[in-house]
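Okay, thanks everyone, let's get going.

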Amino acid sequence: MKIKLKAFQIVLVVIFLLFLIFFLTPKNYTKTYNINKVAITENYDKKGKYYYFTFKYKDATLDMLIPSKYYNHRQLIKDLKLVEDNADFCLIPTGKDLNFYPLCYSNNEQISFSLASNKLKKGLDQNLFKTPELLETYNDIDIYNNDFNYYIWNYNGFYYLNKKKNTKIDIFDKELYTINLIGYTQDFLVIADYDSNYTFNKYYTIELQNGKLKKHDLDYDIYFDSYYPGYIKNKLYIVDSKEYTMYEFNAKNGKLDKVKTRLLKGDKWQDKNIKNLISTKEEFTYDENIYYNLKDNKIYLNYQDKKLNTLVTTDVTSIVRIKGEDIFYLKESKLYHFNPTIGEELLLEYFEWNFNYQNMIYID
């Protein structure tokens, strides 16, 4: 009797485990449904770990991608509100699992809700349209948002600004109006020793989260006529155009090594000819779900290889940094941030950026 009971318990455990595996293991799926005359296609991509929604209303198709863990239930959009202004409209999906945001359509293209007409905006959550408020001014930099770590080049170092403090990081003895060899890794800024001439054998690193500065002596001399094709985690790659050499710099421990000439393309390395690399200045590419590009002073958001673009903003001077879903950009003297869920927000304003903005702003 005990043996039968034990066997029965084992069977129950196995069934329960199979149940968990079947229902909780992420699966690719596609489901279509309609809410308020809007046709919705809901997809999950287990490799990319995201949900992708397509909305069809009248003759328009709108798209939304949301990075997320997998949920074992379907039809994650529970309700959908529609706000219209003649031919323009906004869709407002809601559901308890994902962080949805309004999708808007104007002049035959999908746009960020930040660009919607005033009439459409009245039908959206007004918390999405907060008026910027000046928090403080530091060395002529007006600060409207201090949620990020800002490193603003001041010609011999950086102004370091964040919620905890505003301070100055001095690095070089001489003033430098143009610096090119500054690069990101996952946790650091890496700056060549611009107190040197022609070549350098020192790197400075700044830990992005706390502003800690370190100097690293290198085993090789690197020409300033070099460029950074990209980084992986905290390893920055350098192509020396004079020495026809590729280096790998570990920003965590300051170690510099000569490496085989190659580029990261997606998740795979590709061998490259060093001369071709120097002439083309080709860079790493990374597998991303969301892409931004600048065209005719306008920023567009793209989802993977989808051809549909979302107009994010206009009158852009320059893109400063792209980090996942977040993009930072300049409009003359003003620095902005955009994320699909929160729209556009003003961060900083600095009159100096009207005249000099290249390689001046670093953000984490």
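So, in what sense do E1 and strand E2 (residues 38–45) pair, and over how many bridges? They pair in the antiparallel sense, over 7 bridges.

Before I go on, the ground rules. This is a predicted model, where local features need pLDDT of at least 70 and side-chain atom pairs count only at pLDDT 80 or more, while totals for chains, interfaces and linings use all residues. Residues are numbered from 1 along each chain as its sequence is written, and side-chain values use heavy atoms, with hydrogens and water left out.

Back to that sheet. Tyr33 stands opposite Ile40 in E2. Zooming out, we have an open sheet of 4 strands, ordered E1-E2-E3-E4, with antiparallel pairing. Its edges are strand E1 (29–35) and strand E4 (60–67), each pairing on one side only. On average, neighbouring strands there are turned by 20° against each other, direction ignored; the axes are lines fitted to C-alpha atoms, for helices over the stretch in contact, and angles run from 0 to 180 degrees between N-to-C directions.

Next, the cysteines. The structure holds 1 disulfide, meaning a pair of cysteine sulfur atoms within 2.5 Å. Cys90 is joined to Cys104, S to S 2.1 Å. Cys90 sits in strand E6 (residues 88–94) and Cys104 in strand E7 (residues 103–106), 14 residues apart. And the handedness? The torsion about the S-S bond of Cys90 and Cys104 is about 105°, so the disulfide is right-handed. Both Cys90 and Cys104 are buried, which is under 20% relative accessible area, with exposed being over 50% and partly exposed in between (1.4 Å probe, protein chains only).

Now a hairpin. Strand E18 (residues 226–232) has 5 of its 7 residues buried. E18 pairs with strand E19 (residues 235–240) in the antiparallel sense over 5 bridges, and Ile232 has Lys235 in E19 as its bridge partner. There are 2 residues between the strands, and Lys233 takes a positive phi near 50°.

Last stop: Ile363, in strand E31 (residues 361–363). Ile363 is buried, at a relative accessible area of 1%. Leaving aside residues up to four places away in sequence, Ile363 touches several residues, including Phe148, Tyr184, Val320 and Leu335; contact means heavy atoms within 4.5 Å.

Methods:
Two strands pair if DSSP finds at least two bridges between them.
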